[in-house]
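Please look over the sequence and the model, then read the points below by topic.

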Amino acid sequence: MPPRLSALDASFLYLEQSTTPMHVGGVAVFKRSGKGGLDYEKLVGLVEQRLSLVPRYRQKVKHVPGNLARPVWVDDTEFDVAYHVRRSALPRPGTDEQLCELVARLMSRPLDHTRPLWEMYLVEGLEKNRVAVVTKTHQAMVDGISAIDLSQVILDVSADARSGVEEVWMPRPEPSELRLVAEALGDAVSRPGEIVDNVRAATGDAVATASKLAGMAGKLLTMARTASRPAPGTPLNVHISTQRRYAIARTDLEAYRQIRAAHGCTVNDAVLSVVSGALRNWLLSRGEPVTSGASVRAMVPMSVRGEADVPSSATSGSLGNRVSSFLVDLPVGEPSPVVRLHHVTHAMREHTSSGRNVGADTLVRIGGFAPPTLHALGARAASGISKRIFNLVVTNVPGPQFPLYAAGARMLEMFPVVPLAKGQALAIGLTSYDGGVYYGFNGDRDAMPDVDVLAGLVDEALDELRAASR
């Protein structure tokens, strides 16, 4: 029998709406190398070679008739890699702004649920002799245990791609509807209440679906005292549309390390303090009332230790149970950048002092380029928590501090695209890589027409904190 989706994975399919497509994205920018550089044919060949490492990417979701049981993963007998790996180009001059506009449009479109739930785009025509690879992966696919993100396995640590053995893939035939029903009825004998739960969840019963997610949220959510209070009112919590805006920001990792050394905090504390400063100045630029006690509550997925420490040889399969949701009130009403940092450090101390957090160096040792998978896991964690208790999601995932390559082309930057939750107009993702910290701001097109302004305020907030730290 094909593997059945877990209750959590199935919930991401049931809860998906036109305004909240549940896919996680990434924008990797590469420098064109010699001999033509990274082109479409090379990317398709690379993906075909590495697909055996992520077999879920050749599978699609098949629903059980009558929703008597959760859907199953089946091989796509008509799998066409050219459908999933696509080609696009920017008009001259190929600026970052044009790339962000394209990313926003791509992320606005839901994935086709009749095919494997992922897409990849090679974007040519970027200025400064660059190309970009944009990925979309549904949250139901990436659980950190049985599946990881495809962009994690197409990268190499040197320009010479690691050798791989071409595997002949023979899809297994899809099970008949009669067999699916028979298996569902068999499951019902051992778990009689499951049929009722599945039908209610699949038909949009919010109570049934929420109860499924509540169990997961209870395990993931810490800082109960913070969660017991409703989130502050901000312009970030509105009814959102089907369309998105996207913006990016680049900063230097060394700047955060200097702040850490000056104040005895963590790099993550410094990052959240910079986000606080940028949000404060953005709110002021909008003419919003910002009182001295004003705050914006962020849900911050963080990597934690499981029952045993993360070994240096851990595989990406160990990621699934190592992401915890954490709430922190960002002090946007505080004018002093140093005091903001101290507020954030104090708020995060309960988590870091528990001994369960995983340091950046340890996390980077987890097999491969883990940030895409960890951003997806963070987005999954956020989907399981009531949106009434936080204003936005901020995922900060450390990456390797050495260059990576795809088909010989060096990856220069990696920007995450974290999906929006219902009623939330902004999500922020960060990835540190090869000496830089790269921000991706995903916003609702109507509610966040100035998302580029917010992205532009990151440098200002970082410079302000660095100057005060000196």
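## Overview

Residues 24 or more positions apart make up 81% of the contacts in the protein chain with a separation of 6 or more, a contact meaning heavy atoms within 4.5 Å. This is a predicted model, in which local features need pLDDT of at least 70 and side-chain atom pairs count only at pLDDT 80 or more, while totals for chains, interfaces and linings use all residues. Residues are numbered from 1 along each chain as its sequence is written, and side-chain values use heavy atoms, with hydrogens and water left out.

- The protein chain has 14 helices and 14 strands; helices (H or I, at least four residues) and strands (E, at least two) are DSSP runs, numbered from the N terminus.
- Of the 470 residues in the protein chain, 56% are buried. Buried means under 20% relative accessible area, exposed means over 50%, and partly exposed lies in between (1.4 Å probe, protein chains only).

- In helix 2 (residues 40-50), the buried residues are Y40, L43, V44, L46, V47 and R50. They cover an arc of only 160° around the axis, which puts them on the same side of helix 2; the arc is that of the directions from the helix axis to the C-beta atoms.
- An α-helix has 3.6 residues a turn, so residues three or four places apart point the same way.
- The buried residues of helix 2 pack against helix 3 (81-84), strand 4 (85-89), strand 5 (118-126), strand 6 (130-138) and strand 11 (405-406).
- At the start of helix 2, a side-chain oxygen of D39 comes to within 3.4 Å of the backbone nitrogen of E41.
- R56 is in the loop between helix 2 and strand 2 (59-62), and it counts as buried at 11% relative accessibility.
- The side chains of R56 and Q59 are joined by a polar contact of 2.9 Å. A polar contact is a pair of N or O atoms within 3.5 Å; within protein, one must be able to donate a hydrogen and the other to accept it, and residues adjacent in sequence count only if both atoms are side-chain atoms.

## Helix 9 and helix 10

- Two packed helices are described by the angle between their axes and the distance between the axes.
- Helix 9 (residues 253-263) packs with helix 10 (residues 267-285) at an angle of about 110°, and their axes are 8 Å apart. Axes are lines fitted to C-alpha atoms, for helices over the stretch in contact, and angles run from 0 to 180 degrees between N-to-C directions.
- Helix 9 and helix 10 are therefore roughly perpendicular to each other (65 to 115 degrees; under 35 counts as roughly parallel, over 145 as roughly antiparallel and the rest as oblique).
- Helix 9 contributes L253, Y256, R257, I259 and R260 to the contact, and helix 10 contributes V267, A270, V271 and V274.
- The residues of this contact between helix 9 and helix 10 divide into 7 nonpolar, no polar and 2 charged. Ala, Val, Leu, Ile, Met, Phe, Trp, Tyr, Cys and Pro count as nonpolar, Asp, Glu, Lys and Arg as charged, and the others, Gly among them, as polar.
- L253, A255, Y256 and I259 are buried in helix 9. They cover an arc of only 160° around the axis, which puts them on the same side of helix 9.
- At the start of helix 9, a side-chain oxygen of D252 lies within 3.2 Å of the backbone nitrogen of E254.
- Just after helix 9, G264 has a positive phi of about 65°.

## K31 in strand 1

- K31 lies in strand 1 (residues 23-31) and counts as partly exposed at 35% relative accessibility.
- Not counting residues up to four places away in sequence, K31 touches K128, N129, A409, R410 and L412.
- The side chain of K31 reaches the backbone oxygen of K128 at 3.2 Å.
- K31 and V131 are 100 residues apart along the chain, and their C-alpha atoms are separated by 6.6 Å.

## Backbone angles

- Most residues other than glycine have a negative phi, and most peptide bonds are trans.
- N129, in the loop between strand 5 and strand 6, has a positive phi near 60°.
- D434, in the loop between strand 13 (426-433) and strand 14 (436-444), has a positive phi of about 50° and is not a glycine.
- The peptide bond from R92 to P93 is cis, with omega near 10°.
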